[in-house]
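Dear colleague,

Please find below the structure that I am handing over to you, with its sequence.

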Amino acid sequence: MRMDASASPSSLVEVDVETGLTTAQVAERVSAGKTNAYRADSSRSVGSIVRANVLTLFNAIVGGCFLVLLLLGRWQDALFGLSALANAVIGCVQEFRAKAALDRLALLNAPLARVRRDGEDAEISPDGIVLDDVLVLRAGDQVPADAEVLSGRALQIDESMLTGESDAVDKRPGDEALSGSIVVAGEGAARVVRVGADSYANSFAAEAKRFSMVSSELRTSINRVLTWVGWGIGPIGLLVLNAQMVAAGGWVQAWESGAWTQAVVNVIAALTAMIPLGLVLMTSIAFAVGAAKLAARQVLVNELPAVEGLARVDIICLDKTGTLTAGEIRFDGAHPVAEVAGWRDALAWYGAAPDANATAKCLRDPFPAPRPREVLGTVPFSSARKWSAVTLDGAADEGGGTWVLGAPEMVFPDAATDTATPLGSLAVQLSSSGMRTLVLAHSPAALSGDDMEAERLPGAVEPVAVLTFREEVRPDAAQTLAYFRRQGVSIRIISGDNPRTVAAIARELGVEAGDGVDARTLPDDEAALGDVLEKNIVFGRVTPDQKKRIVLALQARGHTVAMTGDGVNDALAIKTADIGIAMNSGAAATKAVARLVLLDSQFSHLPDVVAEGRQVIANIERVSMLFLTKTAYATTLAILCGALVMEFPFLPRQLSITDGLTIGIPAFFLALMPNAQRYVPGFLRRSLTFAIPSGVIIAVALTAYARLAAGMGVAQPELRTGATIILAVIGIWVLAVLARPIDRWKGLVIGAMFVALLGIFTIPLSTGFFQLIDPGEDAAYLVAGITVLTIGGIEIVRAVHRRFVVRALGENPFAELSGGTSDFPAAPRAPRR
């Protein structure tokens, strides 16, 4: 067959489907730039990373305050600006490193395209495709560039990711095959008509593979807090400014005397203390470090918040083939039902067929290729029908007629499950032993044109033999399933195979599976389907569309769902699931839409991902309480100072001490420490129920100290020193409270911060720089009393906080919320609306 390439306006030559382009024609197109070399990054661009870490509202506020202090000549009080700059730089560097790792791994695991050039088929990078190339398409391939079908043999393409239509589309010569669609059956050749930026593949790949900050509870909660603070900064800043000017003698006198300078410095101290800048940084670092650690364990994280996501999963749907089993199948035996001449030759034809799938290829060794037979008609295998048929030449007693190979219950719906029939008795017995079963059936009638067009069986089909195949169970599967059971994560095993076979394998792995559910009996109603899914574990004969429906039904019931798989038929469900997990040995399309790819296809890596996710969630929750407590006391203190018209009791440089040594530096270490705490929904609520009352107590204590010290005649420099001492000691105490239970490493971090604080308050160089002055004996007693009372108040808040959380969420009362573990399963999230 020849195709006139001039049919496409961009084509210049005729293309022979049998030979494809010549080397010279390929070189000509490469030099003309007509290649598919348009690579979308697998992760965020450099510009987006810089913008996300630098060009933010709060960085603008901090930068503005920093410049104001420099203009006022108070560079000593502008240290927070350097801290914000360091935060932005560290955030950029961490994400650059994560981006480099993701890009490198994505490149190494990029799918290959199959092209025909100079009469030879070769696999090349999709970037190497040129205009008018002849693509060789086979089942499981993802079409790498927009193409026009030249020839095909039962070619079916799934365009569901493009059109939303779940049924595969038959493709005939002249039809268009869009890049990003998936070949699900048959084979064919197609000429590339659009490449590079003009091809749909690039927009699809960019959407499916790129690094993206997907929605997560951590990010959503933190962004909510930042929004609240952003709305409050303006009015609170004006309130504090008025108070500082009035405390300096009034607006006019403060301006004339120059006292407005200190008033502005005080306002800047109040505002910068309110911003939890480091919390965003710590979250990004925790995600990036988690992704890098998983990459070292051969897990590619396409979207960083997926590290958190799997820790929130409460149901994981597993595809049997390639996930619980190794994906390699071998022939076990043939069990005759009736003696029909030529059945071995028919099996030999199936094994030698050019489009034979993995199961059919297992027949090549036990049934060597016979004499050449003329094929009069075929119906190719499809995952929806689960059977294929071929009509061979010759008389019926010579092996002629139509031979059907497929799932017993799909070819013989009633007889295959009725143990009273010879076929049903044999098929049920064999499938219940855990072996995969197929039936070979025969009809003396040939496939008609209508039969092939409608993809239906001819009449008078009779069973000839039941074939059994064995799949090797992954050695790590039982241990991994046991881990999820211990962690309270429910399991659903879904497969296209016989439910009895799947259930037998599940029982072999320690899962109480019963006999399994035949997916053909599943209800269409989502609510009714949800009921069945809640009560059963194993599902067989599941179609690709049903896999997606299963995921949606579970999500509608408030579950966070993970889906694993490796085949093309898993792609829809993996794309729909909250966390899609693909095996690297699977189809390119499946890996493209997954958020996690197991690069060595080892199912046993999933506990590593769960552990990393739990570490991220639990540590960020602990760290967030530190930052939010600071935001709470800074905001409350600013409001109190504004309402009581009193001078703000800190210089910005003094707040840098407590920010760095009681929050910033220890938070960095705490965010990366091991933590196996179980996930419990309500991260922000739990954090705020501790941070707000603790922050209010600290702010009230500092306000009371400032008022009492002023009443005792303590000068402002000594008063500020006393306030800094109170805040530093209380900050260390809050750090210790939130780090419980304290192990050696946590104790080392806390101890190091305490030693650093002692050094700052005693070394002359630092005391002079931070303007720390002995507050005097009377003020010292006041500082000690206020500190002790405040610590007592924080301990009460923590005790009430823990009891409240235990009562509300059912958490283990003997485990520290921020550092312990719980044996209770994660609660499901609220149903989707």
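I begin with strand S14, which pairs with strand S15 (residues 401-406) in the antiparallel sense over six bridges. Helices (H or I, at least four residues) and strands (E, at least two) are DSSP runs, numbered from the N terminus, and two strands pair if DSSP finds at least two bridges between them. In S15, the bridge partner of Ala-389 is Val-404. Strand S13 (residues 375-379) is also joined to S14, by four bridges, and these two run antiparallel. Here Thr-378 has Val-390 of S14 as its bridge partner.

Six of the six residues of S14 (residues 387-392) are buried, so this strand is largely enclosed by the rest of the structure. Buried means under 20% relative accessible area, exposed over 50%, and partly exposed in between (1.4 Å probe, protein chains only). Both faces of S14 are covered: Trp-387, Ala-389 and Thr-391 are buried on one side, and Ser-388, Val-390 and Leu-392 on the other.

Please note that this is a predicted model, in which local features need pLDDT of at least 70 and side-chain atom pairs count only at pLDDT 80 or more, while totals for chains, interfaces and linings use all residues. Residues are numbered from 1 along each chain as its sequence is written, and side-chain values use heavy atoms, with hydrogens and water left out.

Overall composition

The secondary structure of the protein comes to 30 helices and 23 strands. Of its 833 residues, 56% count as buried. The protein exposes about 33100 Å², of which carbon and sulfur atoms supply 59%; accessible areas come from the Shrake-Rupley method with a 1.4 Å probe, and for residues only the protein chains shown count as cover. Among contacts (heavy atoms within 4.5 Å) between residues at least 6 apart in sequence, 72% join residues at least 24 apart.

An open sheet of eight strands has the order S10-S23-S22-S21-S11-S18-S20-S19, with mixed pairing. Strand S10 (299-301) and strand S19 (517-518) stand at its edges with a single partner strand each, so one side of each has no neighbour in the sheet. Within this sheet, strand S18 (residues 490-494) and strand S20 (residues 538-540) pair in the parallel sense over two bridges. Ile-494 has Phe-539 of S20 as its bridge partner.

Helix H24 (residues 606-644) lies across S10, strand S11 (315-319), strand S21 (561-565), strand S22 (579-583) and strand S23 (596-598), and runs at about 145 degrees to S23. For this angle, axes are lines fitted to C-alpha atoms, for helices over the stretch in contact, and angles run from 0 to 180 degrees between N-to-C directions. Asn-619 is found in helix H24 and, at 0% relative accessibility, counts as buried. Leaving aside residues up to four places away in sequence, Asn-619 touches Arg-614, Leu-670, Ala-671, Leu-672, Met-673 and Asn-675.

Salt bridges

A salt bridge is a side-chain nitrogen of Lys or Arg within 4 Å of a carboxyl oxygen of Asp or Glu. By this rule the count comes to 24 salt bridges. One of them links the side chains of Arg-191 and Asp-132 (3.0 Å, N to O). Arg-191 lies in strand S9 (residues 182-194) and Asp-132 in the loop between strand S4 (120-124) and strand S5 (134-138), so the pair ties together parts that are 59 residues apart in sequence. Both Arg-191 and Asp-132 are buried. These two residues also belong to a network of salt bridges that links Arg-29, Asp-132, Glu-148 and Arg-191.

Asp-121 and Arg-116 likewise meet through their side chains in a salt bridge (2.8 Å, N to O). Asp-121 is partly exposed, with a relative accessible area of 37%, whereas Arg-116 is buried at 16%. A further salt bridge joins the side chains of Asp-518 and Arg-520 (2.6 Å, N to O). Asp-518 counts as buried at 17% relative accessibility, and Arg-520 is partly exposed at 37%.

Nonpolar surface patch

Val-46, Val-50, Val-54, Leu-55 and Phe-96 make a nonpolar surface patch of about 400 Å². Patches are made of residues with over 30% relative accessible area and no salt bridge: like charges are joined within 9 Å, and nonpolar side chains (Val, Leu, Ile, Met, Phe, Trp, Tyr) within 5 Å. Helix H2 (residues 46-54) contributes the largest share of this patch, three residues. Val-54 lies in helix H2 and is partly exposed, with a relative accessible area of 35%.

With kind regards
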